[in-house]
Amino acid sequence: MQPTPRVPDGLNALSARGEWWKHLPPRAVLTPHTGEFARLSSLSAAEIQADREGCARTCAAQWNQIVLLKGAFTLVAEPDGPVTLLPFANPALATAGSGDVLAGVIAGLLAQGLAARDAAVAGGFIHGMAGEMARDEIGDAGVIAGDLLTRIPRAIRAIVGAKHPLMTID
C-alpha cells in the first residue's frame, strides 16, 4: 500500500513560491507560527525568536501584509503601523488545529466588515481568551482545537463591554 502523499498547508505551500507576497492581495492576514514564519521569510527560527517584534514589523512592511506571529504573546504587525502585543502566553493554545480556529475567527470578522488589522487583533484576542477559558477548565495539557472552538462564543461575550489592555508598540 502506497503512503498518502503529504499535502502542504497554505503557508508552507506559499513559502515554496519565489516572491510569494506578490501573489496575494495587499494587507492579507497571515497567521504563521515561528516555523512557518521562518519558511516564509528565510530567517531562522532562532533569529525570529531573538527579535519577534522586529522580524514581524520588517516582514509585514516588506510583504505589505498583516502578520499575526503566533506564540506566547502573539504579535500583530501591519505594513505601515504599530505592532500589537496580545497578552496571552498559554500552552493550551499550542495544539494541532488551534491555528485553524484562529484563522476561522479572523475570517468571520473579515466577513462581517472589519478591516484586516482589526480582524487580526480582535480574532487573536478572542482566540486567546478562549484558550484561557479552556486552560482554566481543562488544564495546560489535553486541550484540543474543538475545545477552543466551543469557547469562542463565551470569549466574545466576556470581551464585549469589558476593557482589556492591548499593548501597541510604536
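1. First, a term used throughout: a residue is buried when its relative accessible area is under 20%, exposed when it is over 50%, and partly exposed in between, using a 1.4 Å probe and protein chains only. By that rule Phe88 is buried, at a relative accessible area of 7%. Keep in mind that this is a predicted model, where local features need pLDDT of at least 70, side-chain atom pairs count only at pLDDT 80 or more, and totals for chains, interfaces and linings use all residues. Residues are numbered from 1 along each chain as its sequence is written, and side-chain values use heavy atoms, with hydrogens and water left out.

2. On to the aromatics. Rings of Phe, Tyr and Trp (for Trp, the six-membered ring) pair if their centres lie within 6.5 Å; planes under 30 degrees apart are stacked, over 60 edge-to-face, and the rest tilted. Searching the whole structure turns up four such pairs. Phe37 and Trp63 make a tilted pair, because their ring centres are 5.6 Å apart and their planes sit at 55°. Phe37 belongs to helix H2 (residues 34–41) and Trp63 to helix H4 (residues 52–63), so this pair ties together parts that are 26 residues apart in sequence. Both Phe37 and Trp63 are buried. Ring pairs also link Trp20, Trp21, Phe37 and Trp63 into a cluster.

3. A note on the labels: helices (H or I, at least four residues) and strands (E, at least two) are DSSP runs, numbered from the N terminus.

4. Back to Phe88. What kind of pair do the rings of Phe88 and Phe125 form? With centres 5.0 Å apart and planes at 70°, the pair is edge-to-face. Phe88 lies in the loop between strand S4 (83–85) and helix H5 (98–111), while Phe125 is in helix H6, so the contact ties together parts that are 37 residues apart in sequence. Phe125 counts as buried too, at 7% relative accessibility.

5. Helix H6 itself passes a simple length check. Gly128 lies in H6 and counts as buried at 2% relative accessibility. From Gly128 to Asp140 is twelve residues in sequence and 13 Å in space, C-alpha to C-alpha. Just after H6, Gly139 takes a positive phi of about 120°.

6. Now the strands, which pair if DSSP finds at least two bridges between them. Strand S1 (residues 29–30) runs parallel to S2, joined by two bridges, and Val29 has Ile66 as its bridge partner in S2. On the S3 side (residues 75–77) the pairing with S2 is antiparallel, with three bridges; there Leu69 stands opposite Leu75. S2 (residues 66–69) is covered on both faces: Ile66 and Leu68 are buried on one side, Val67 and Leu69 on the other.

7. A few backbone angles may be worth a look. The hairpin of S2 and S3 has five residues between the strands, and Gly71 in it takes a positive phi near 145°. Phe73, in the loop between S2 and S3, has a positive phi near 60° although it is a residue other than glycine; Phe73 is partly exposed, with a relative accessible area of 40%. Glu19 is another non-glycine with a positive phi, about 45°. Glu19 sits in the loop between H1 and S1 and is partly exposed at 43%.

8. Finally, the largest pocket. On a 1 Å grid over the protein atoms alone, a pocket is an open set of points where a 1.4 Å probe fits, with protein on both sides within 12 Å along at least five of seven lines; lining residues have an atom within 4 Å of a point. The largest pocket has a volume of about 540 Å³, where volume is the space filled by probe spheres set on the points, with grid points joined across faces, edges and corners. What lines the largest pocket? There are 28 residues, of which His33, Lys70, Leu93, Ser98 and Gly99 lie nearest its centre. Helix H1 (10–15), H5 and H6 are the elements giving two or more residues to the lining, and H5 gives the most, with five.
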